Structures are given as C-alpha cells and as structure tokens.
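Keep the viewer open as you read.

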Amino acid sequence: MNVYLWNTPEKLRALLCEIVSWESRTLTKGENEFAYKLKNKLQTLSYFQKNPELIELHDAGLERNAVTALYKHPSAVETVVLISHFDTVHTEEYGELEPLAFFPEELTKKLMEPKYKKDLPEAARIDLESGNYLFGRGTMDMKMGLALHMQLIEKASIEEWPINLILTAVPDEEVNSAGMRAAVVELVRLRELHGLSYKLFLNSEPSFSQGPADINEYIYSGTIGKIMPAALFYGKETHVGEPLKGMTANFIASYMTQHMEWNSIFRETDLGESTPLPVSLQLKDLKMEYSTQTPYRAAALYNVFLLKRTASEVMDIFEQVALEAMSACNEQYKRICEREKVHGVGEVKVIRYEALLEYAIKKLGAVEVSLIKNQVLENSAWDDREKSIRIVDQLMIRCQELAPATVLLYAPPYYPAINSSNHPLIIQSIELMKKTAKTFDIDVEQIHYFNGICDLSYVNYSDDSNEWTAFEHNTPVWGDTYSIPFEAMSALQGPVLNVGPFGKDAHQKTERLHVDSAFKEMPVMIDTLIKSLFQLNGYVK
C-alpha cells in the first residue's frame, strides 16, 4: 500500500525545510550536489521505485544538472510541465546569522531574540511576531515551489491521476538559466520519446509584491522579458599631463549612460502593464591597475525589460540612442577643441559588434580572430558578461584605426517575454484560481507579466521572422559559452501560468514565506488546477 510522505501541512513544511537545508547557492558545490539529493528524495516515492528510469539528470554545464521526473499515466497523452529552480542567491547579508540562513525553523526562532529582532525592519518584525512567516534563504525564492511540485507528483502517482506530470527542477536560474536552457532540449526529447502533448507549463515562483507596501497575492499569465545591451567605449590614450592628445573612454561613456538611464523610449506597455525603465548594471573602465595613462577603454551593461519587442528591435533602438548620445558627445568635444585651439582625435563612431567582427576578420583573418576569442574564453575567472566585453576589447585593440568608437553588443543572459493571457485555458484557470482562493477568504489578482524574471521565458516561444538572430550576431560569446535553444523553445508550444506561494523580500536577509499560503492554501489551489485539466476531458476521479 502506498504511504503519503508529504500530504499534510506539517509534512510539507518538513519537506521544505529539508530541501532548503541542502544549500544550493548559484555556482557553488551545493548547487552541483542538489540534483543528486533531489533525485534520491524522489526515489523514496513508490512510483519511482517501480519506474526509476523516469527520473533523469541532464547536464547543465559546470557539473550542474537539471532534474526531470515523469509521472506517466498509461492512457494519458496530455501533460503538465512543472517548472522550478533550486539555486539561490548568496547569503553574506545575514552576517553572524549566515550559518542559519538555510535552516528556516532555527533562523526564525533565533530572530525572535531581542538582539536580532530589534535590527529587523518594522514590516519584517511584525511578520516575525505574527508567527505566520518562515524566514530563510530559498524559502520563498523558490524551494517552496519545488516542494509543492513534489507533493503534487506524489499525489498524482498514488491516486493515478489520468494526466501526465513532468517535474522539472533546474539550477542557475539566478544567473544565466543554464539549467532551463538545457532542460528545454530534454523536454522536447521526452515529448517525442513518450508521445506526450504539453497542455500547460506551470511555474510556482512566489507571488511578488508590486511595491514596497503591497501585500496582495497574484497569479501570473506570462513573464516579463529581459535583455542586456552593452557597449565598449574606445577612446585614445594619453598622459594626464597632455589630456587633449587623447580622449578618455569615461568621457564617451558618460554620454551613453545619461541617454540610457531611465530612457522612456525603451518602455513597453501591454495589457495595461508597463516595463520598468532601463538602468545601467555596470559601468567601468578596463584598466587593470593605476597609472597616469588616461583610461581609454571602458564598458557598460544596461538592463532593458521586454514585453513584445524582439532582440532585433531593441538593438535598433539601442543604436538610435547611441547615435544621439555620440552626437551630443561629439558636439561637446568639438566645442572643447575649438576653445583650446586643438584639432582633436576625431569623432566617436557607433559600430555594432557584428560589423566590428566582420572588419576584424577581413583585416586579421578568421584564424587570428578565432585565436583572440579563444584566449579570452579560456579565462575561467571571467563570466559570460566579462568575456563578451573582453572579446570586443581585444578586437578593438587590434583595430584601433576605428577609434574613437562606441561598439554595441549584447551580453548574456536573454529572457524572451512570454504571455498566455488570451489563451482560453488560462482564462478558465485564472477564474478557477480566484474562486478557489475565495474559499480561504483571499483575493487573488491576475498579473499578465511576472515581474521577477523566470524560466517560463524559455517555452512557448514564437518568432516567425527569426529576429532573435540579432542577438546571435551581436553576442560575442554566442555558440562558445552561451547559447539559447530557440528552435527547441519554439517546439514547446503550450500556455504558461505561474501560481505560487506568497512571501516577501526575495534576495534579502528578511526573505520569508507566508506559512498559511505555502502549506495550506497553495496545495489546494494547485491540486484543484491540475484536477480541472483532466476533469475537463471527461475524466472523473
């Protein structure tokens, strides 16, 4: 006889605390080990003891693995893909309480001590004293979502629900989504191997507040997109004693950043929702040490959110902004040169990376350019963003006749925006979720685009014009250390929905999970949602 392991609020809470204790900070040994621990835990279920081959690990690079666990009903074709991530951000902000960051019960109890309670923000202190929040890294974002999916697949397997479920838990969501990008290819393979039809992609990221004082709960029928235009600024070096014999990259960069920060030209609006304005995520010169040589190379990364625009459209707008910024830069530089009666070093050009690469290949040859790129790619101390910048930098060092210049590029990661708000199944499901929430005296609101960025970006993709190629052509590390399986993503057609627990302060030391939402309300809501899918087909349990 099958025995339920996670079917009560108490058992589910214990499961969450156990998987939170498997610390899995991004790019640590813990992240690498988590997939094996999860596989072992899932193998405690009778269904997977009988069908061990239905749990698989999938290489996501750097010794990390995504996990898929398929519950397959003998006569069902329709399938729900349950998506979650198990990596977390780091924990330095916990200070002396950092050893307890992954032990929610102990941390929550410790925070009650006057020494620690007094240092909490008022809102967090009130929540702590209410007794209805569990504190700790990963409780909210998003191991509770994984725990809910584990409970769901256990219940489906024991009760033999006439629908298929694929639990898909991935690493690296917090950085590059390497886990989901790897899982996408495997989900296509599993569909073909088992003859599945994907009916719904269900994520259970937590309900994020829409502002600091917002305590409403939300379900999401899509997810916001994110792309990172970047620029390398290449001026002309000189000694500080002869400043007008050169042009600092910082001078050039200042104009670009002023034109990019909060520029409303990048704002998109859809279904009554708008993207946050762009900001710079990094701005630095590339000198490795101090000297009296002026900094003539600098770089910047800019965050741009998406709703409908493609990579091609964003690059066109980015280029337009760059041309305006460099026009202002050149006009000011011209005035300075006239005032000081010098000729100057020339006007700053705007060049896309794809044009620079083509120029470098013609000048240096494809073999030499490949060697230049490989020398950068082999530096394990640099991440994909730094490698992107450094490849452009090394090419410009060898093509200095193009300077002064601003080179436009893309740096990873790229999350396409996805939305299913108008899909009949999603409309029906959202109404069902609102009705179910009412039984707990909760009002749940719909948000069309999840504002926390999530892995739903990599399913249900559509781009008939192949405008994603602008990303490929202008991303220096494309095909080497970073790629996106656009073809496989396009093959994973099906509506998306995010239904997850309520919590607060993701990525902060006050990260906390609402206990009733997590252990009492969400299990019923998600259970009701999945059952509605097979009951719609005439099945009655």
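## A buried serine and its surroundings

Ser388 is buried, with a relative accessible area of 0%; buried means under 20% relative accessible area, exposed over 50%, and partly exposed in between, with a 1.4 Å probe and protein chains only. Please keep in mind that this is a predicted model, where local features need pLDDT of at least 70, side-chain atom pairs count only at pLDDT 80 or more, and totals for chains, interfaces and linings use all residues. Residues are numbered from 1 along each chain as its sequence is written, and side-chain values use heavy atoms, with hydrogens and water left out.

You will find Ser388 in helix α13 (residues 384-397). Helices (H or I, at least four residues) and strands (E, at least two) are DSSP runs, numbered from the N terminus. Setting aside neighbours within four places in sequence, Ser388 contacts Leu409, Tyr410, Ala411, Pro412, Pro476 and Val477, where contact means heavy atoms within 4.5 Å.

Now zoom out. The chain has 17 helices and 21 strands. Its radius of gyration is 26 Å, close to the 24 Å that the globule rule gives for 541 residues, so the chain is as compact as a globular protein of that length. That radius is taken over C-alpha atoms, and the rule is 2.2 Å times the number of residues to the power 0.38. Of the 541 residues, 57% count as buried.

In soluble globular proteins, nonpolar side chains tend to be buried together. Here the largest nonpolar core has 178 residues, and those with the most contacts inside it are Leu165, Leu202, Phe233, Met256 and Ile530. Such a core is a set of buried Ala, Val, Leu, Ile, Met, Phe, Trp, Tyr and Cys residues joined through side-chain atoms within 4.5 Å. Helix α10 (residues 311-340) gives the largest share of this core, 12 residues. Among the residues that Met256 touches are Phe233, Tyr302 and Phe318, not counting those up to four places away in sequence.

Pro404 sits in the loop between α13 and β16 (405-410), while Pro413 belongs to the loop between β16 and β17 (418-419). Lys341 is not a glycine, yet its phi is positive, near 60 degrees. Lys341 lies in the loop between α10 and β15 (349-352) and counts as exposed at 74% relative accessibility.
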